[in-house]
Each structure stands twice: as C-alpha cells, then as structure tokens.
Amino acid sequence: MTDTGADRAIPRPRGAAARLIGRKLALVGLVLIGLVVAGALFAPWIAPFDPNDQMFDGLTLEGAPMPPDGKFLLGTDLLGRDLLSRLLYGAQTSLIIGVVANGLALLIGTLVGITAGFFRGWIGAVLMRFTDLMMAFPALLLAISLAAIFQPSLWIVAMVIALVNWVQTARVIYTETTSLATRDFIAAERTLGASTSRILFRHILPHLIPTIIVWGTLGISTTVLLEATLSFLGVGVQPPTPSWGNIIFENQTYFQTAPWLVFIPGAAIILLALAFNLVGDALRDVLDPTQRGRD
Amino acid sequence: MAAYLIRRLIQSALILLGVSFITFFLLYVLPADPVRQIAGRSATAQTVENIREQLGLDKPFVVQYGRYLTGLLQGDMGRSYLQKTEVAELILSRLPATLLLMLGAIVCELVLGLSMGIAAALWRGRAVDQALMMTSFITVSAPQFVVSLLLLYVFAVRLGWFPIGGYGTFAHLVLPALTLGILGSGWYSRMMRSSMIDVLRADYIRTARAKGLGRARVVLRHALPNAILPVIAMIGIDIGIFMGGIVVVESVFGWPGIGQLAWQAIQRVDIPIIMGVTLVSAFAIVIGNLLADLIAPFIDPRITLR
Amino acid sequence: MQKLLASTALMLTLALPAAAQDYTPDPAAKPGGSITITYKDDVATLDPAIGYDWQNWSMIKSLYDGLMDYVPGTTELRPGLAETYEISPDGLVYTFKLRPGVKFHNGREMTAEDVKYSLDRVTNPETQSPGAGFFGAIAGFDAAGPDGLSGVEVVDPSTVRITLSRPDATFLHVMALNFASVVPKEAVEEAGPDFGKKPVGTGAFKLAEWTLGQRLVFEKNADYWRDGVPFLDSVVFEVGQEPVVALLRLQNGEVDVPGDGIPPAKFMEVMGDPAQAERVVQGGQLHTGYITLNVTIPPFDKLEVRKAVNMAINKDRITQIINGRAVPANQPLPPSMPGYTEGYAGYAFDPDGAKALLAEAGLADGFETDLYAMNTDPNPRIAQAIQQDLAAVGITVNILSLAQANVIEAGGAGTAPMIWSGGMAWIADFPDPSNFYGPILGCAGAGEGGWNWSKFCDETLDAKAIEADSMFDPAKSADRLKLWSDVYMGVMVQAPWVPVFNEERYTMKSERMGGEDALYVDPVSIPVNYDYVWVKQ
C-alpha cells in the first residue's frame, strides 16, 4: 500500500496567510458549533412548541403544511408540528450521534491502528488486512444492511455508524504508529529496558494525540452526514424523535410546494458538518508538527 | 513489478472473498425471511417450507455460503428470488447507467475541481483563493440528498432547464452528475491547489518565466501537465466513494442504475441481488485502489511499489 | 360421448348474467395509436404464476387470459377462455368448454392440455407461485407436484373438468385470477426461469420490447379472440419514474396515465384546477388500511383494551394527513365490496370512552407497547399520528419503522403487538368478501408466519366463513353475502383490528384518452384496463 489514499484527507500545508484565514474560519466554525450546542442544550426552553405535538391548526384542512408565519416561525411539517422546535430537538440527535458514534469509531480506529502499528507481526497483518477489507465495502450499503439487522434506534444508529467509520482513523493511526515505532527515541527507550506499556502510554500515545484530535473533529462531520443520510433513507433514527435527516425524509414529497421543509434542515446539516470541518482543518494546522512550517 | 502485481491481485481476491463472507453472514442473520417475500401473503405453511427447501435456505449457514461461493467461482451469481432472472443479467442491464453516471460525475468533478484549484493557486492568499477554499469546504460538508434536492428544485422545478429525474438523454444526466461532481470537487480543488503551488515554485517554471514566456502559457503548457498528475491518481480512490453514494443519488433522480436495484432488493430481502451489487461495488473499489497505487510511482518517483 | 351427455344432463346448468355477455365497448372508440404509462418501481416479472405487484398485475391481465374474466370496469364475472361452464349439483365438479380457435402469441392454438398444464404449473411447489394457495379447493392440491393436480382432467381437446375437494363459492373468481392464466407449455419450457421476461399468452397484447429497468412496449395482438379489441396499437410502460416527474410529464403531454397516481404534493394543485381536475377519475378501491392488535400479547388479550384502541384513533385526522384521499373505515370490508355492512357505525372516535374502558381493564395508568410500520412515506407519518392519538388516552407507543420484509417477519412471527398495515395492506385479489377473511383474520393465517398479524382465531367465525364459502349456488348469493356480513360484524365485536381507512383511487389521464371512466378505475385491472381504452387522435 502506498500513501496516496491518505493524501486525499490531509491536504498539503497552506501558506501562513491562509493559515491565518484558517484560524478565522476556525472561529466561524467554533461559533457555529456553539450555536448548535446551545440550541440543543436549551431546546426545552427556547423551542416554541413541543416538537412532537401534531397541532390541529398546524395543517390546512386539505392536510398541507403551514408556511412560515408569526406563529410558526419556520412553518410546520406534514403532521402539523412546528419545524423550528423539531430542528432544535433534532440538533440533540445530530450531536449525540456525532459525539457517541464518532467517539466509538475513534476508539476502535485508534486501538486497531496502534495495535497493528506497534506490535506488527501477524496481529498487525490480520488487523490491517481487515481494515483493507472494510475499505472495500460500499459504506452506505453496509450501513443500510446493519441498520436493518439491528432494528434502528438512536444508539443502534450510532453503533452502525461507528462500525462503518473507524477505518479511516485506523489507517492514519497505523501509519503514524509505525513511523513512531521506528524512530530513534523509541529504540533508545527499548534498549534502556522500558516496558511495552511505558513506551505505549508515555511515548507513542502522546504523539498520536494531535492526530486523534484532528481526526476526531473531522470525523464528527462525516458522522453527522451519515446519520442524516441513513435517516433520509428511512433506516435511521426512529420517529417521532426528530433528526435533521428524518425531517427531510418525512417531508420530501412536498419539496416543491413547501421547499422550506427540506432546505432549512438541509442547511442545518451542511452548517454543522462545515463547522466541524473548519475547526478540524485549523486544528490540523496548529497541532500537527509535521505539517507545520513546510510552506 | 510483476511480483507486486500478482501479490496485489491475490490480496484483492482475498478482500473480495472477505466482503462476500461478511455480507452473506449479515444477510443470513437479518431478521427478515426472504421465503415469506417469495411465498406471498396467501401461502400455506407447506408452500413456505417447500420454497425454503428448494432454495436451500433450510441449510446451515456454512452450506449456504459454500454453495454461493461455488457458484460464484463458476461465474454464477445466482437468480433473483423475486424476479427469477439471473443476477448477472440484472446487474449488466443496469451497469451502463451507473457507469455513465460515474463518467459524468468524474468529468464534472475534474472540470470544477481542477479549475477551482488552479484559480486558487494562481491567486494564492487573495480573496478568490479564500472564497474558493471556503466553497470546497462547503461541498465536502454537504450531504448528497440535500444537494440533489436543491439542484432539482432550482434547475428542474423552478427554472425548468433540466428534466426532473429520469434517464435517456444528455439533459437527464446533467443534474445527477453535477450533484456527485460538486460534492467531489472539493477534494480535487484542494489537491490541485497544493499540487499547483508546488509546481509553480519548481525551478523549471521559474526558468520558463525568466525566459519571458507569458504567464498563461507557462501555467497551461508547463505547470498544469505536471501538477495534474497526482490529482488524476485520485480518480481510482474516487470510485470507492462513488460506489458508496449511488444509492441516494440514483433514488432521488430515478436513475436506473445498480444503486436503485440494490435499494429495492434490500427492501424485499432479495439476497442474491444484494450480494451481487455489493460484490460488484467492492470489485470496483478494489480495482480503483489498485490502479491508484499502480499509477503512483509514475507521478512521484520517490514511491516504489513494494 | 353418450356417457358424457348422460352425465351432463344431470348437471345444473347455470345461465350467465345477461349483462355479462352484452358488454359493448365504447361505440365511439377508434382503433390505433399508442399510449404511455409510467411506474416508479421496476416490473419484476410478467410470469402470471409469479407476478403479484401493483404494476405488473394489470400488465399480466392484458398479456394473458384465464378461463374466467371480468366485465370491464366492474366486479362482474364473465367467461374468458371458457365459452361456457357447468357446475355439478353438489358444487364439486366444474366443466369448462373452451372457446375454439384461440391462439397463443406464438401462433399455436390453445387446448385443454394447456389449461391443465397451467394449473398444474402454478400449484407445483417448484414454481414457487405466491398464488398457489388460491387453488387449495382443487382435489389433489395437497399432493401437488411434478405429476400435476389429480382434480384437473382433460376430457377432450376443448373440455376441462375440475373436481374440487370441497365446495368453493369463490372458485370462478379464482379461475379469473392472473395466477390461473393459461400459458403454452413449450414456451414456458423453452424460456425456463426466464419465462417472466419472455411472456407468451393469449391476451390482447403481446410483449414487443423490454429494456430492463427502463421500458416495456406491448403491441396489439392482431389475432386476439375478442373481436374489435384492443383498440390501441401499442402501450409503452416507462419504469423508474418518480410520481412527481410522471405528473409533470403528463401536464407536458408526454405521458397518458401516471400509473402510481397523483403524488401528494401535487394533489391539491391538480384538484384545484378545473381543467386538470376534470381529467381525474375517482373510484373506490378494494383496499382497507388497518392496525392489527395482537390478541396473544398482553394487554391486547383484553377485549376492553382492543375496543379502547379502536375508540382512541382519530381516523379523520389520519385521512387529512393523506390529503383526504381515503374514506375513514369502520369495518374490515371496503364499501365497494359485496357483503359490506351498510349502516354499521363502528367504534366512534371517543378518547374519554377509551380511557374509561382502559380503566375497566385495570389499565387506568395506561401501558407501553410497540407499533410496527413500513418505512416508506406516508407510513411513518401515519404511525406517528396513531402514536399521538394513543398517547392522549395514556398508551405509550414506540414506533418501529422498518423495511417491509422486517415488518412482515415480525407480524408473521407474532412478536409485533401492533402493526400499521400501510404499504402492505390488503387489496383484494378478487372482488369477493371471503378474500378479506382467510389469510388475514381466519385461523389458517394465525399460525407462525401467516399474514393474520392479530393472531386472531375464532372458531365459530371460521365455521361460518366455511359455511358461506360452500354456498356456491348463485341463487343463494344474497344469503351468502349476509353470512359474510355477519362474520365481519363478529370480527368487529372482538376488535382484533382497527380499520382506519379505505383508499380511494384517483387516476389522471391525458386529454386524448377515450373510453368510459370506469375503465380508469377498473376494480380488477388496476390502474387502467388497457384492452378497452382508446385515444382520440
């Protein structure tokens, strides 16, 4: 295997000026994340309605949703529920999945990557061949099959996403661990008789932390997108729990006459994913010593 | 080189074997019974058992998988449970549509991504660069279904420039290809930008400039051919990402490719079709990765094939 | 020959209803032209023994014929490939005299051997026909296999005798099902499992072209045995077309009938525009959407609880959610089905009454349960409306919105306490009340894997149902329908279902389409009876 694959995810260093903008963009990202987190946390207080209340006056007599107006700021969905309230509660879903699923994926990926990279031998070979195998899976097909097997719930969806998403992390951590393990200072520690666990926890892991943080942040973006896609296909988070993806799934048939029902949650998904990408990218510039100052 | 190739081919075959095993196993434990789908709602218990026996679905997992694999090695992907047609025929009849979409998507992402990347590199650090790089961030953050619906709404429903989904003419291809192209262009533009910056700094470009050649000429005739190579290698990897995403785009645009075939089969547990599409996709991904790796040394001489 | 005459003399010869023979196609109809029909889902197969989908049902009707048929646009039986038939006085022996000179699309003349071959084939387990169960009354069905049905005999090349093991009042309907279509042995054997892609029948149309996943073209069978039909030279089916796209193309004049109907988002626009609304044909459908309550899972084993759930559901609201394209239901049978009980009020919407009943059952504080639903729109939405209605009376419902196959699995296994039937709901196979009972409410379907998801089994009602189905004599038809009405009222007393609504059909057609409205909401040939419609220019 060569490293062309990793190139796609790790862009080359950018100029000092660009890096500054990167930071500025990172700030934008942080603000966006802050807003979503605040919206999710304070949803019970700021949401104008119960997100699951199918209001009688939330639908026209013919069963059409209400457009945005003074009462329903973003209009209502096809069951007469307030869209704004559902979006706020939907942020909870996205964040929970983002954090839990991605945390799990990161954990699996790091464990596999370190084990394979540090111990090499047959364990390493088996683990990395398995990682290659997972890379060859059409991810979405796999996720759909898994979601169908374990009858979906919030936690199951998180688990499915983790099972699909750990692969990238594993490969990056593996590459880094192998290169660390052959460095002089590790060799020196070894000759000094340091234990394996000491080398792992005192020397290898700290060096990997920046990578883990960067991948953790970027991964949330992927996770949010995958959750939305699964929910959009109807195999994600179960109703009536709002998720930005299933809001679009439920209202899709009306996207021509009531486009706000599709494009407002769509914009929310994009903004959140964008925010984590911006922050993750800036973090990479700041944290990753190998990427710094090569411009 | 030959030894490397042989080793990689064996590896690829093993990967496909693994994919087939895992998928088959997942479908085996799925809490849905394909026999019920075949037997229909009025079937007697006897009919159901008969069908189960005929399809060998009463056998233990190992036997079922063994049979499937034996068939596969003889080039037989089995017959669809519900359509009774050969899976290979069903996939082959839909593959052209998927390949056409893939081709369209790759053209779109190259045109968009490369031009964005070149522009950003030439005006590095300026507003154009920042705007383009921001755009590339947005495109990698957008889910396919949102972009598909947005393009449909704007260009098909509102403006009426393109048909609202369907298949057959060039006009039908534009929006689905553009959806995938826009989403992929973000990666290409960033790759192209950094590659171009590296090349522009190289000695021979400076020499060319010093000789008094025009900027446009230098960029187009000298820098571009060199900068574009590493980007081209990415197409192989792109196939994998593409294969993962066709289910959504094909279903939103009603594109008659293998993604739709798979989605309909998943709904009704038509296991031979699901297996077939998964394996064909995995095959495309493996080949794509292999090609990318094989091209790599031609682009960057520091890389050797081990 | 003498013997045969002697025995026929003993038979009860039944005259066919006069109207049935007199159906005259539209006198203004002009032959020629081609129409375009669209569907979203692909056509899986055109093998009449296998096809059981929304989109291929009417296609198969036009490619093949069975011994019996329906008067276009109605639920009335008329003879098809059989010219006449006789039923023995005990109702066990049916003798069909075949129409002479009927040719398959391959040019060969159809004979009694073909009829026997076709019935043997559909009941042979190797064919894996989802319709095999309909032929259960034919003698020898239980031993059906490669040797064929002992109850189907070829008397002479134009006579088939079918012996039943029990009287079956619906048997002529069964002979009109797609599954009973007559197919030529040599074509089936030549194509093998691919017969579904290379169909050969005796029908009004034959398959001319099939591009998998894209389009099918049917062309007129010039040798069709019914004089004067079909009118159209060809019918083009385009598959993979979203309903919204199909409707826009109809408005553009590119499509004549969108097979999947008018999509919800466009419904109001179309109905609000008189020029377009005029081209929409509305009709009833032999369909009921219902919630099954599993009587083996507590607390649904308590009658009060099942009644309470029936009273808690706001059917008007659910109808509103689907843009009023249905009428609220109060019993299992749809209103257009013979045997429907007029004047029955059902369980009225009464949340307070429901709460009182729950308290009576000792569940004043409510309970928690699961509702399964199929994961395609609008079913998850309807499930959520049901959830809200039940929450109002104290029942906490968790929704499991799953792929069709998973819901059917849970329903069959009896692990699902409640199922919303949408997307898998019962649409009658033939217009007779018995079709709504056996597999979905009778004891036969209540076993492991059966479609009776309530696992409701009342032996008294089952006995009544069997009695009704043995009343084969058309003279007693009214008594029979009364008996069926009693059966369904008996079901409602025990409330294993919440009948929610009966879907209405709205078929939209292009301006150039001709033929009476009934052909566009044909209860049997859904959505359109291709054989009798025609184009104006």
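**Domains, interface and strands**

Tutor: Chain B is divided into domain 1 (2-73) and domain 2 (87-299), with bounds that come from an automatic or database domain assignment. This is a predicted model, in which local features need pLDDT of at least 70, side-chain atom pairs count only at pLDDT 80 or more, and totals for chains, interfaces and linings use all residues. Residues are numbered from 1 along each chain as its sequence is written, chains are lettered from A and ligands numbered from 1 in the order in which they are written, and side-chain values use heavy atoms, with hydrogens and water left out.

Student: What separates the centres of domain 1 and domain 2 of chain B, and how many residues are in contact?

Tutor: The centres of the two domains of chain B, taken over C-alpha atoms, are separated by 33 Å. In contact (heavy atoms within 4.5 Å) are 19 residues of domain 1 and 15 residues of domain 2 of chain B. The buried area between these domains is about 1600 Å², with 80% given by carbon and sulfur atoms; buried area is the accessible area (1.4 Å probe) that two parts lose on being put together, summed over both.

Student: Which three residues supply 33% of the area that domain 1 of chain B buries against domain 2?

Tutor: They are B:Leu16, B:Leu27 and B:Gln37, which supply more than any other three residues.

Student: Which side chains meet in a salt bridge at 2.8 Å?

Tutor: Those of B:Asp293 and B:Arg8, with 2.8 Å from N to O. The rule, a side-chain nitrogen of Lys or Arg within 4 Å of a carboxyl oxygen of Asp or Glu, finds 1 salt bridge across the interface of domain 1 and domain 2 of chain B.

Student: Switching to chain A, how many residues of chain B are in contact with chain A?

Tutor: There are 61 residues of chain B in contact with 56 residues of chain A. The area buried between chain B and chain A is about 5000 Å², and carbon and sulfur atoms give 75% of that.

Student: How many salt bridges does the rule find there, and which residues form a salt bridge?

Tutor: The rule finds 1 salt bridge across the interface of chain B and chain A. B:Arg190 and A:Asp281 form a salt bridge, their closest N and O atoms being 3.0 Å apart.

Student: How do the residues of the side of chain B that touches chain A divide?

Tutor: That side of chain B has 41 nonpolar, 10 polar and 10 charged residues. Here Ala, Val, Leu, Ile, Met, Phe, Trp, Tyr, Cys and Pro count as nonpolar, Asp, Glu, Lys and Arg as charged, and the others, Gly among them, as polar.

Student: On to chain C: in which sense do strands E5 and E7 pair?

Tutor: Strand E5 (residues 93-98) and strand E7 (residues 159-163) of chain C pair in the antiparallel sense over 5 bridges. Strands (E, at least two residues) and helices (H or I, at least four) are DSSP runs, numbered from the N terminus, and two strands pair if DSSP finds at least two bridges between them. C:Thr95 stands opposite C:Arg161 in E7(C).

Student: What do E6(C) and E7(C) form?

Tutor: E6(C) and E7(C) form a hairpin with 2 residues between them. Strand E6 (residues 152-156) of chain C runs antiparallel to E7(C), joined by 4 bridges. The bridge partner of C:Asp156 in E7(C) is C:Thr159.

Student: Finally, where is C:Glu242 found?

Tutor: C:Glu242 lies in the loop between strand E10 (234-239) and helix H7 (243-251) of chain C. Leaving aside neighbours within four places in sequence, C:Glu242 is in contact with B:Ser251, B:Val252 and C:Lys40.
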